[in-house]
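Please look at the sequence and the model before reading on.

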Number of protein chains: 2
Amino acid sequence: METKTAPAKRTGGRSALVLGAVKRATEELIEEKGQERLTVPMIAERASVNPTSIYRRWGDLPSLINDIATYRLDPARPLPESGTLRGDLAGWAQEIVAHYRNPVNAALLRGGAAVAGDRESDCLRNRRAEATMFVERHPESELSADRVIDHLVAPIVYRAIFLPWTLDDDTANRLVTELFAS
Amino acid sequence: METKTAPAKRTGGRSALVLGAVKRATEELIEEKGQERLTVPMIAERASVNPTSIYRRWGDLPSLINDIATYRLDPARPLPESGTLRGDLAGWAQEIVAHYRNPVNAALLRGGAAVAGDRESDCLRNRRAEATMFVERHPESELSADRVIDHLVAPIVYRAIFLPWTLDDDTANRLVTELFAS
């Protein structure tokens, strides 16, 4: 039953523990069973939390998966600063390829894809912000962030979702070469 | 109960009716509720078939959605024959963009993405075969099918999944121009 009294002050400790346990459980289960077989009760059991805690925090499974999918490539991580746009984008693309060569990250991306379409996910917004930062750092180039997304991020994400076995050591450099040839 | 006697000869009529009803029900429910809220019993009820008929034919919901997602762009449809590779690819890309601007097709694509990763889907294999046919029809060009997939199909599919509101009348021509500038 809902009460309208002010909630007791919550420490971050308990909440952060629940968050960590739920994320770990979700990742493990995605790797073991695949994203499409996941259920909230299954995650709750593995994380040793009450299912209602999950529903209260995330609303439903798609929102939870979407949230998890956005948390892996830390937006605060250091980004390449090679001195050239091409070098920066090559380092950045290699990092994204390496990220999605991890099967858990690819599975989370597929989970994010399944629930996408209403608004830009945090994850993609972060990649777009990074692309914008790189092209603005090198105003001598005529590349736009949109072009970087279409010809560098999109093919990596497409392969990660649909053809993960084709993401190899050459993918990032080949795509950057093609981007700069245009 | 399972019997091991030879099955009575089945006419295609009943089977085709079930197939059509299930596909229609799946598409309607994806549009109404979103792919991630679908269940097999929900589809069975809408299609007026027994859930066991669905499980027998498709095994599970992801396989059903994957099958539905592959059936919309008829691989036997006529393809552009403009006389130039650029004209052919522009017409083809426009058709793919138009296909995914239909919200049901974009939702089915997201459903296909959710269950992808083990092998190339029929749908993507068909697009790859078409790209190969176009570049082989114009051996004077140095474009490879892989490059067409990475820089034309991938950005369209990426936008259809994650940024459907950005698929506009210019998308296909812009991407073809960028592909041929490279």
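Q: Is Ser48(B) buried or exposed?
A: This is a predicted model, in which local features need pLDDT of at least 70, side-chain atom pairs count only at pLDDT 80 or more, and totals for chains, interfaces and linings use all residues. Residues are numbered from 1 along each chain as its sequence is written, chains are lettered from A and ligands numbered from 1 in the order in which they are written, and side-chain values use heavy atoms, leaving out hydrogens and water. Buried means under 20% relative accessible area, exposed over 50%, and partly exposed in between, with a 1.4 Å probe and protein chains only. With a relative accessible area of 67%, Ser48(B) is exposed.

Q: Where does Ser48(A) lie in chain A?
A: Ser48(A) is not a glycine, although its phi is positive, at about 55 degrees. Helices are DSSP runs of H or I with at least four residues, and strands are runs of E with at least two, numbered from the N terminus. In those terms, Ser48(A) lies in the loop between helix 2 (40-47) and helix 3 (51-58).

Q: Which residues have the most contacts inside the largest nonpolar core?
A: A nonpolar core is a set of buried Ala, Val, Leu, Ile, Met, Phe, Trp, Tyr and Cys residues joined through side-chain atoms within 4.5 Å. The largest one has 72 residues, and those with the most contacts inside it are Ile161(A), Phe162(A), Ile161(B) and Phe162(B).
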